[in-house]
Amino acid sequence: MFNRSQVASAPTRPASIAPASPSAAVRGISQMAMFAALIAVLGQLPAIPLAGGVPITLQTLGVMLAGAVLGPWRGAGAVMLLHALVAAGLPLLAQGSGGLGAFAGPSAGFALGWIPGAFLVGLITQASWPLRLWRTILGVTLGGIVVVYACGLPVLAFQMGLSLEQAALINLAFLPGDVLKAVIAVALTHSLARAYPTPFSHARRRRR
């Protein structure tokens, strides 16, 4: 038989480490799939040619939004899901590229850099709730631009036989477009947070 003291002393699981319910897990997977699809769709839109034939695509905008809206883990998970589908052969990267060969070319470092980039965007942006504008700008800039460039430039330089300085100079043409995408990502993130805060669960658990 149980007595009152035994019941009172029975260990209880803290609410903060309670496992996610199956419905929450399904919702998280659905959100990652939705943002993986968004990044893929943005890659199929026509590229914007710049002087010298350097194109700008919108996939980095999707990566920024995945991290800012879904948070670090699900944001990075959305990009990993996209890459898994690309590795399986689906033509989901810019201009319809896909297959393992897509991760062996000069732009492979940029695509792989989306994973830590989305993670950092979400980690900084969703560090508190409500979202702070300065934190979102910092997260999108560091994760969506600095980290992606830091991963992409060494691979580009190696594949094309360039120095890091030469690779950086070539990619200066992308910088204005990336800054514009960061501005759009910040505006869309804060508009969505006000209208539909449900996906921002990582930040809402850190409510201040």
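S163 counts as partly exposed, because its relative accessibility is 28% (buried means under 20% relative accessible area, exposed over 50%, partly exposed in between, with a 1.4 Å probe and protein chains only). The structure is a predicted model, in which local features need pLDDT of at least 70 and side-chain atom pairs count only at pLDDT 80 or more, while totals for chains, interfaces and linings use all residues. Residues are numbered from 1 along each chain as its sequence is written, and side-chain values use heavy atoms, with hydrogens and water left out. S163 is placed in the loop between α6 and α7 (164–171). Its C-alpha lies 9.4 Å from that of L153, ten residues away in sequence.

The protein chain contains nine helices and two strands (DSSP runs numbered from the N terminus: H or I of at least four residues for helices, E of at least two for strands). Along the sequence the elements follow the order α-α-β-β-α-α-α-α-α-α-α. Of the 208 residues in the protein chain, 41% are buried. The accessible surface of the chain is about 11300 Å², and carbon and sulfur atoms supply 72% of that area (Shrake-Rupley method, 1.4 Å probe; for residues, only the protein chains shown count as cover). Among contacts in the chain with a separation of 6 or more, 69% link residues 24 or more positions apart (contact means heavy atoms within 4.5 Å).

The largest nonpolar core has 42 residues, and those touching the most other members are F35, L82, V86, W114 and V140 (such a core joins buried Ala, Val, Leu, Ile, Met, Phe, Trp, Tyr and Cys through side-chain atoms within 4.5 Å). Two or more residues of this core come from each of α2 (22–44), α3 (59–70), α4 (72–87), α5 (108–125), α6 (133–160) and α8. The largest contribution is that of α3, with eight residues. Beyond its neighbours within four places in sequence, F35 contacts L65, A66, V69, L70 and A78.

Q31 belongs to helix α2 and counts as buried, because its relative accessibility is 11%. With neighbours within four places in sequence set aside, Q31 contacts L70, R74 and P199. In the loop between α5 and α6 lies P130; the peptide bond leading from W129 to P130 is cis, with omega near 0°.

Helix α8 comprises 21 residues and spans 30 Å from first to last C-alpha, close to the expected 30 Å (1.5 Å times one less than the number of residues). Its buried residues are G177, D178, K181, A182, A185, V186, T189, H190 and A193. D178 and K181, three residues or about one turn apart in the helix, form a salt bridge with the closest N and O atoms 3.0 Å apart (a side-chain nitrogen of Lys or Arg within 4 Å of a carboxyl oxygen of Asp or Glu). One salt bridge is found in a search of the whole structure.

L169, L172, L175, V179 and V183 make a nonpolar surface patch of about 450 Å² (residues with over 30% relative accessible area and no salt bridge, nonpolar side chains of Val, Leu, Ile, Met, Phe, Trp and Tyr being joined within 5 Å and like charges within 9 Å). Helix α8 (residues 175–195) provides the largest share of the nonpolar patch, three residues. V179, in helix α8, is partly exposed, because its relative accessible area is 43%.
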